[in-house]
Amino acid sequence: MNIDLKTIKHISKLSRISVDEKKAEKLAGDLNSIFKFIEKLNELKTDKVEPLTSVAETTLRLRSDEVKSENIRDQIIKNSPEENEDFFVVPKVVE
Amino acid sequence: MSDITSQSLSSLINNIKNKKLSSEEATKAFIDRSNKSKELNTYVTEDFSNAILKAKKFDEKPNFDLKLPGIPMAVKDLFCTKDIKTTAGSKILENFIPTYESTVTQNIWNEGAILLGKLNCDEFAMGSSNETSFFGNVQNPIDKGLVPGGSSGGSSAAVSGQLTPITIGTDTGGSIRQPASFTGTVGLKPTYGSCSRYGIVAFASSLDQAGPMAQNVQDCALLQEVISSYDTKDSTSIDFNRNEYSKELTKEIKGKKIGIPKEYRVDGMPKEIEDLWQKGIEYAKDCGAEIIDISLPHTSYALPTYYIVAPAEASSNLARYDGVKYGFRAKGENLIDMYEKTRSEGFGAEVQRRIMIGTYVLSSGYYDAYYLKAQKVRKLIKNDFDEAYKKVDAILTPSTPSSAFKIGEKKDDPVSMYLNDIFTVPVNLAGLPAISIPAGHDEKGYPLGLQIIGKAFKEQEVLNIAYAMEDKIGFQNKITDWWIK
Amino acid sequence: MSKENSEYLIERYNNVYEVVIGLEVHAQVTSESKLFSASSTKFGAEPNTQVSLVDAAFPGMLPVINEFCVKQAIKTGIGLRAQINKRSVFDRKNYFYADLPQGYQISQFKHPIVGEGEVVLDMPNGQKKVGIERLHLEQDAGKSVHDMDPQNTLVDLNRSGVALMEIVSKPDLRSPDEVSAYIKKLRSIMRYLGTCDGNMQEGSLRADVNVSVRLKDSKELGTRCEIKNVNSIKFMQMAIDYEANRQVDLIEEGKSIDQETRLFDTKKNETRSMRSKEDAHDYRYFPDPDLLPLELTDEFIENLKSDIPELPDDKKKRFIDEFKVSPYEATILVSDIDTAKYFEEVVSKMGKNKDIKLAVNWITGELFAILNNKNLEISKSPISAKNLAKLVNLIKNGTISGKIAKTIFELMIDGDKDPQIIVDEKGLKQESDPKALEALIDKIIDDNREKAIEYKNGKEKLFGFFVGQAMKASGGKANPQLINEILKKKL
């Protein structure tokens, strides 16, 4: 499995992290050595094995339909970088 | 009282309860030592003046029924602490102040403890040496220039260096046990679901667990008692009968069957580690335990599995750090530009690397080959333990493949860094409890740890075996206070 | 475009195309709190006042599922005659957007809570079964406001985390009319169940419309385009019409159709491609590790089954069997639960000797007319079922004529007045005494001897004249039936 620059650029777009040429090259190098190490899993035959999703030995707890949250707009927005009392503000989305 | 900071937690509690020591005195002593120890760089945020106020308040109206009465304690900066900056060792949360408290730390404050400050860690808990923190490296009190392990490096160094009598860390692939081993301290990773993950900055949801880090097993047991609870705010929290770990602590482990997994004898394992393991086996026998050879056939696949599952979950858990609601935000021309700049400037290199790995293994065309495959191998690894536990009660292995290495030594080689977790990672994949206790020194005089892995929900057994062996081992941590001028 | 046998087909020169449509309907679950957090779901609150730490994806926050939302989804599945899956899994759908605070949406990908089912539509040319592929639960996103600030987008997270049921149909629909019927039927079923209020203006119901075309009688499916987020039936129909024609035009020109996501521009009435789509979203679905698989017991599901009220199809059957309502009328009456409730109440209040047919006519005729006029839902009808029942009874027992009833009806609107009181106050009781009427008619015939002779000689139209005269003479109160009988006798 060879991870090339094109792949790095694609993944960085998906993960919303910008990369320049130099960074992309370093990442490709790092990821390739990491994946070589990960490839070891191919030694195992797992067709008949059920994937494990959780090691939590319990069932999903169902919560009752009660409103327990009050208006905490001040708390929520106060940490937000741009000042606006009512909304979160972000640069325009290019539609 | 002299030598407050070199006392164990249990001793401090006794002295406070017997009024031989006030909370204020204890708190000031640890603050004083912490102030002298800035070179270790264990703290990201100090809350010293508030701590003294709280200590005074406790002394005015002490409640000695509490389990941690007036005890000062610093905690890993991965736990959200109300109104106190919580950074996860990252620039992207550099100035983040939560308005809420994690369940685990709330449990601690409810038992009377007092926050000293937040301890340094690898960024978003990703690392094995505390070298990825935005706030700089942490020094191991054992020797200058040595890593304290990671990701709970600040925590392990603070306990080892006695800047805090005890602390909590988090463990996703070994981040409590490995630093405990590197610093000559005790660290417990509880069964998955034992401690609530609510309010802990998430790294890999199916692997993360908070746990106590202490100077001895008894202290560790007491803190575990405090932090472990069923929490309905965490859907993976488990409602089981939790022991009173410190009260039920016993050295009586006669007849316990302890398994020695042959696959942990890895190629190129340093002789010192092998010797330590053999010594451990002898100690266990001395305690009356029966030693049984077992096999955990898929052990060598654990690390690759971990390095698919953990980054995958992390890539998704860290998607919320986008500059919109909180945290660092870079200027962008439009939304996507803002996202990209924020995350590439806000996250460090290791975090970015893992996010990329995680995104890739979940991506279209690769999901089956990587993520799905890893979850299947994880099942095999868990099955290995289930099978083994039909024959034994616990498993004994080394904690780490070496003692603490030098700062900068492994920084440029991610794979070599990842290999630090080779003995600890299978435990997280299987969701089991495990403890690291210091068991010896290598030729450089640096501490080495032994790991005891238990059955799910059997923390008591793990602690008991550790308690018994600790007694036999008689380990003395060699702290020279080199950083205090 | 032509309609052969009520089919929706597109003709070009020698080729006839049919349209294949599948819908993904997003229905907001009626519940007090959100799917994975305890915030309120009330519509219309001030921005960001119904947002918890979990909704805003603060560090360390975790989802906890709402049992009631699970039940609502199961009930809807039962209403769709669908398979309820005892084990389902919540997956994360990963993508970045300003109104998606977590950077992922918790949804269900491979193992939804509800499997295959069907919905039966009453179309003019018979019943049509539309297959349901699946129904799953997922979080709704917040709202992005693009036009309040020229430089920036503003985000309101109130809606973020509200429970949605995504109902995916099989590609069984073939026309805008079928789509309309399908949406209305889905909406009706959910309103009967109380699982979704179906309020499209408030955004409780939205649909993504998948459209493809193919030559009629072709078995293969053409390339489809998805028209996202259409929030009214009218727009859905217009979008389908435009899109189907667009695709046919492309094919006729020998071009291929790009599989893409499009938006319906409600100002230009066209669909257009969504520019911002980068190389198709890779959602990287994986099971959410903060949750466990949802496991339902048989008991849990059975308890819900016994909780299901009578649904439209069954109610329609009963109306036909029990009340002898015609299928056409029954369809109208059951189409919305409030209409059905109103009708049932009228019937029950009519007591013995009820004229159900008359009641149906009054509801679907006069009542619907004023509701339409005043833009009111039947649940807000100015005339109560009780009083309408009284009015119908008054007609049935001959107290008033149908014509008079219309007058009384108008007077009832203001304040839901009791018709009996109006009759008494205004002396509108109809004249049904045969002797009095005979006397009246005798006089009219007397006064109009010539016309009477003309009628007897064959000018049948003049009957109406005499009826008119009789009504005039009686001040409109004469019992029309008796008038007719007596006139026939006397002329």
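## A tour of chains A, B and C

Helix 1 of chain C and helix 4 of chain C are roughly perpendicular to each other (an angle of 65 to 115 degrees counts as that). What you have open is a predicted model, in which local features need pLDDT of at least 70, side-chain atom pairs count only at pLDDT 80 or more, and totals for chains, interfaces and linings use all residues. Residues are numbered from 1 along each chain as its sequence is written, while chains are lettered from A and ligands numbered from 1 in the order in which they are written.

**Stop 1: the two helices.** Select residues 67-79 and 298-305 of chain C: these are helix 1 and helix 4, whose axes come within 10 Å and cross at roughly 65°. Axes here are lines fitted to C-alpha atoms over the stretch in contact, and angles run from 0 to 180 degrees between N-to-C directions. Helices (H or I, at least four residues) and strands (E, at least two) are DSSP runs, numbered from the N terminus.

Which residues of helix 1 of chain C meet helix 4 of chain C? Show Lys71(C), Ile74(C), Lys75(C) and Ile78(C), then their partners Ile301(C), Leu304(C) and Lys305(C). Two residues are in contact if their C-beta atoms, placed from the backbone, lie within 7 Å.

**Stop 2: all of chain C.** Now zoom out to chain C, with its 15 helices and 16 strands. Its radius of gyration, taken over C-alpha atoms, is 29 Å, well over the 23 Å that the globule rule (2.2 Å times the number of residues to the power 0.38) gives for 491 residues, so chain C is more spread out than a compact globule. Its C-alpha atoms fill a box of roughly 95 × 55 × 50 Å along the principal axes.

**Stop 3: chain A against chain B.** Select these two chains next; their contact takes 40 residues from chain A and 53 residues from chain B. On chain A, helix 2 gives the most to this side, with seven residues.

Note on methods: Angles under 35 degrees count as roughly parallel, over 145 as roughly antiparallel, 65 to 115 as roughly perpendicular and the rest as oblique.
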